[in-house]
Amino acid sequence: MSEARGASRALLEVDGLAASYHLRRGVSAALARRPQSVVRAVDGVSLTVGRGEVVALVGESGSGKSSLAQTIMRAHPAQRGRIRFDGQEITTLGSAQLRPLRRRMQMIFQDPYESLDPRFRVRRTVSEPLVIHGIGDHARRAELVSEALRACGLDPPELFLDRYPHELSGGQRQRVAIAAALALEPQLLIADEPVSMLDVSVRAGVLNVLAGLRDSGLGILLITHDLAVAASFADRLYVMYLGRIVEQGPAHEVISAPSHPYTRALVSVTPRRTPRTGGAPQILAGEIPDATRVPPGCRFHPRCPVATDACRRSDPQLEPLPGPGGAAGQHLAACILAPDRRVVQQTSR
């Protein structure tokens, strides 16, 4: 799905979103009246998710992906920017105004071992959102629970309804978590690393469940650090680094022709079906900088293998890249070298 198509059917629109956390000071810092450190977790992010579209948000741990998801879901306040859901501004809505929208916006958390209450049987776990939102009577809720379990591949549901989480495999736990979200028939699903805690053998099954849901018009924001997962299931791709989007575009185009050095590094270490294809893996030096002390200029320059003096002074913004015919396309990158891909490719060898 193209950016234009996603935008024309926009279900979720995030524009210039920023969110930060204030770290607590120790006793000595408080006595010395040192200012609180501020973590700039999300710093001017814009993205869209269309109906029936899977959009992937990728990046290393510490990039700000989960913070962005929590801010979109209004679990954490935004310092600036706007969030629109189905055309409605929700950035500043209060709890009472948000409550009706919670049913239409659901989130799947990373760890199925922690997201399920060990005291609840599957029946209660999946039906609890229905009870909270006052949906149906007991008989109707039982039908919706069974339908949700079947949709997630737990069929027949009678085999799972009375089990506790510890009686399920990791993949089954995650499917139950997905079923609890789907029982409310949401329009938007934010999946935060939904398979990172699962064995490789069960990842494909869970991802296929998510990918199959787009046929019903469900918009999915898939958050992952695994570029191979994003390449296989996403329509569009956003690459996030230290609170910013550094590259975005159609998934196949970003993967096949990455233009930001960070994206190129991520692609270079992605497993390939034929190991002899592509160049040598590019291992980035160091780790993502402390978000309380964002580097000046391009925030990636301390780790960038092709950084120049200009990169230390200039803070590049997302700019359209020339398409195959020379005209600007839907592929954007925040790098002063990105417009000339040959420079990035030659100097990164």
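View 1. Leu23 sits in the loop between β1 and α2 (27-31); helices (H or I, at least four residues) and strands (E, at least two) are DSSP runs, numbered from the N terminus. The model is a predicted one, in which local features need pLDDT of at least 70 and side-chain atom pairs count only at pLDDT 80 or more, while totals for chains, interfaces and linings use all residues. Residues are numbered from 1 along each chain as its sequence is written, and side-chain values use heavy atoms, with hydrogens and water left out. Leu23 has a relative accessible area of 40%, so this residue is partly exposed. Buried stands for under 20% relative accessible area, exposed for over 50%, and partly exposed for what lies in between (1.4 Å probe, protein chains only). Val39 is 16 residues from Leu23 along the chain, and the C-alpha atoms of the two are separated by 7.3 Å. Apart from neighbours within four places in sequence, Leu23 is in contact with Gln36, Ser37, Val39 and Thr292; contact means heavy atoms within 4.5 Å.

View 2. Two strands pair if DSSP finds at least two bridges between them. Between strand β1 (residues 10-22) and β2 there are 9 bridges, in the antiparallel sense. Leu12 stands opposite Val49 in β2.

**View 3. Leu68 and the largest nonpolar core.** Which residues have the most contacts inside the largest nonpolar core? They are Leu68, Ile72, Val126, Ile190 and Leu210, and the core has 100 residues. A nonpolar core is a set of buried Ala, Val, Leu, Ile, Met, Phe, Trp, Tyr and Cys residues joined through side-chain atoms within 4.5 Å. With neighbours within four places in sequence left aside, Leu68 is in contact with Leu17, Val42, Val45, Leu47, Leu57 and Met240.

**View 4. Arg303 in a loop between two helices.** Arg303 is found in the loop between α12 (261-268) and α13 (309-313). Is Arg303 buried or exposed? Arg303 is buried, because its relative accessible area is 7%. Its side chain makes a polar contact with the side chain of Glu60 at 2.9 Å. A polar contact is a pair of N or O atoms within 3.5 Å; within protein, one must be able to donate a hydrogen and the other to accept it, and residues adjacent in sequence count only if both atoms are side-chain atoms. Not counting residues up to four places away in sequence, Arg303 touches Glu60, Tyr241, Leu284, Ala285, Gly286, Glu287 and Ile288.

**View 5. Strand β6 beside strand β7.** From strand β6 (residues 105-108), Met105 and Met107 point one way, Gln106 and Ile108 the other way, and all are buried. β6 pairs with strand β7 (residues 188-192) in the parallel sense over 4 bridges. Ala191 in β7 is the bridge partner of Ile108.

View 6. Helix α7 (residues 138-151) has 14 residues, so at 1.5 Å a residue it should span 20 Å, which agrees with the 20 Å between its end C-alpha atoms. The expected span of a helix is 1.5 Å times one less than its number of residues. The buried residues of α7 are Arg141, Leu144, Val145, Ser146, Ala148 and Leu149, and they pack against α6 (122-132) and α8 (170-182). Just after α7, Gly153 takes a positive phi of about 85°. In α8, 12 of the 13 residues are buried.

View 7. Most residues other than glycine have a negative phi, and most peptide bonds are trans. Asp86, in the loop between β4 and β5, has a positive phi of about 50° although it is not a glycine. Leu242 lies in the loop between β9 (236-241) and β10 (244-250), and its phi, near 50°, is also positive. Leu242 is buried, with a relative accessible area of 1%. In the loop between α7 and α8 is Pro156; the peptide bond from Asp155 to Pro156 is cis, with omega near 5°.
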